Amino acid sequence: MSDTLGGRRMVVVVVAVVVSAAAAAIAVHVAGGVRHHGDVPPVTSAGLPAMGPGGQLGAGQSLDDGGWTLGLERDGALVARSPGGAVVWSGGAHGHRGASLVMQADGDLVERDASGATVWRSGTVGAGSCLLGGQTIGSAIAFAHPTVRLNPVWSVSPCYAGDLSKVRTAVVGDSIVFVSQPSLEAMLRPRAAYMISGQIGWTIGQQQPAIFTDLYNPEGPARDWIVNLGTNDAIQDDTAWRSAYDAMVAQLVGQPCVLLTTVSTEADTVGHDTIAAQINAAEAATAAAHGNVHVVDWSGLVHVDSHLGQWLLPDRIHPNRAGQEALAAMYGRALDRFCHT
């Protein structure tokens, strides 16, 4: 399936890409074909490994590029496999039988459960016309190696949304960013060219690919960075958070302006540890050591007065509509104060 926007073809493609860290040489697998399972029909035309705006994968269907597949399992998991059938990446919303995967016209790849509710998305809203079949260097959604983040097996090429004449801004986060995306877009739209990636349940380490991708975006790297990660590390009591945090900081400390967001210490109540507090202390130390890094204190803000009850959902982690607007406004003030957007 394909579509056009201003004469440009928009698709999601499955690719096998190998990147040499030394030479940055790119080798692309371009063979095609569509694999499907059981009695579920193929979803792409002419055997192309692509899904354009409005295209949809049902349970058991997959895109196939020379044996490299991206498939929606019947239990709702989104799985990338090598030509030999080995799982090289998995994501999506495991446990949602009857889910479907839809490529929206705005560039976001969305998984919906049987009731139509969104349960996972790629975070590439606004990419639109930049999802091109022939453009394989871009937002590396999945990687073949769990620690070396240089081997994407499925990638799309995002572009910035908002005011393209303004400073490029990247937002990378977890489900707090995911649910707050409309408020964040409303704040960013008049003041920046922006990309937003918020993934439900993901830790600092799992969002490293999004940072890598935004640094090496074909349209240029972001100048200003908003990072809201660490909540899931605290909730999951992930004692390995420190190495992932240090790797993230190593990527970002050379960037012009970085806003690190404190983790609400309510997450420590869920995780039965002090990891949120430890992450917040690490952020403070990073900001003290690097003049271009600044801390935005979401944890402090939600604990003022009765904001925990006013701004958060009953889980005391995710912001409700008022909290989402407060979060976006907090970032707007920080961008104006520290990043000079």
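How many disulfides does this structure hold? The count comes to 1 disulfide, a disulfide being a pair of cysteine sulfur atoms within 2.5 Å.

Before the tour begins, please note that this is a predicted model, in which local features need pLDDT of at least 70 and side-chain atom pairs count only at pLDDT 80 or more, while totals for chains, interfaces and linings use all residues. Residues are numbered from 1 along each chain as its sequence is written, and side-chain values use heavy atoms, with hydrogens and water left out.

**First stop: the disulfide**

Select Cys257 and Cys339, which are joined with an S to S distance of 1.9 Å. The angle about the S-S bond is -65°, and the link is left-handed. Cys257 belongs to strand β21 (residues 257–261) and Cys339 to helix α9 (residues 321–339), so the pair ties together parts that are 82 residues apart in sequence. Helices (H or I, at least four residues) and strands (E, at least two) are DSSP runs, numbered from the N terminus. Cys257 is buried, with a relative accessible area of 1%, and for Cys339, also buried, the value is 1%. Here buried means under 20% relative accessible area, exposed over 50%, and partly exposed in between (1.4 Å probe, protein chains only).

**Second stop: Thr231**

Next, select Thr231 in helix α3 (residues 231–235). Thr231 is buried, at 5% relative accessible area. Apart from neighbours within four places in sequence, Thr231 is in contact with Asp174, Ile176, Val263, Ala267 and Ile317; contact means heavy atoms within 4.5 Å.

Now select residues 241–252, the 12 residues of helix α4; at 1.5 Å a residue they should span 16 Å, and the end C-alpha atoms are 17 Å apart, which agrees. The expected span is 1.5 Å times one less than the number of residues. Colour the buried residues of α4: Trp241, Ala244, Tyr245, Met248, Val249 and Leu252. They cover an arc of only 135° around the axis, which puts them on the same side of α4. This arc is that of the directions from the helix axis to the C-beta atoms. An α-helix has 3.6 residues a turn, so residues three or four places apart point the same way. On the other side of α4, Ser243 and Ala250 are exposed.

**Last stop: an open sheet**

Finally, display the 4 strands in the order β7-β12-β13-β14, an open sheet with antiparallel pairing. Its edge strands, each pairing on one side only, are β7 (56–57) and β14 (118–121). Two strands pair if DSSP finds at least two bridges between them; β7 and β12 (residues 100–103) are joined by 2 bridges. Select Leu57 to find Leu101 of β12 opposite.
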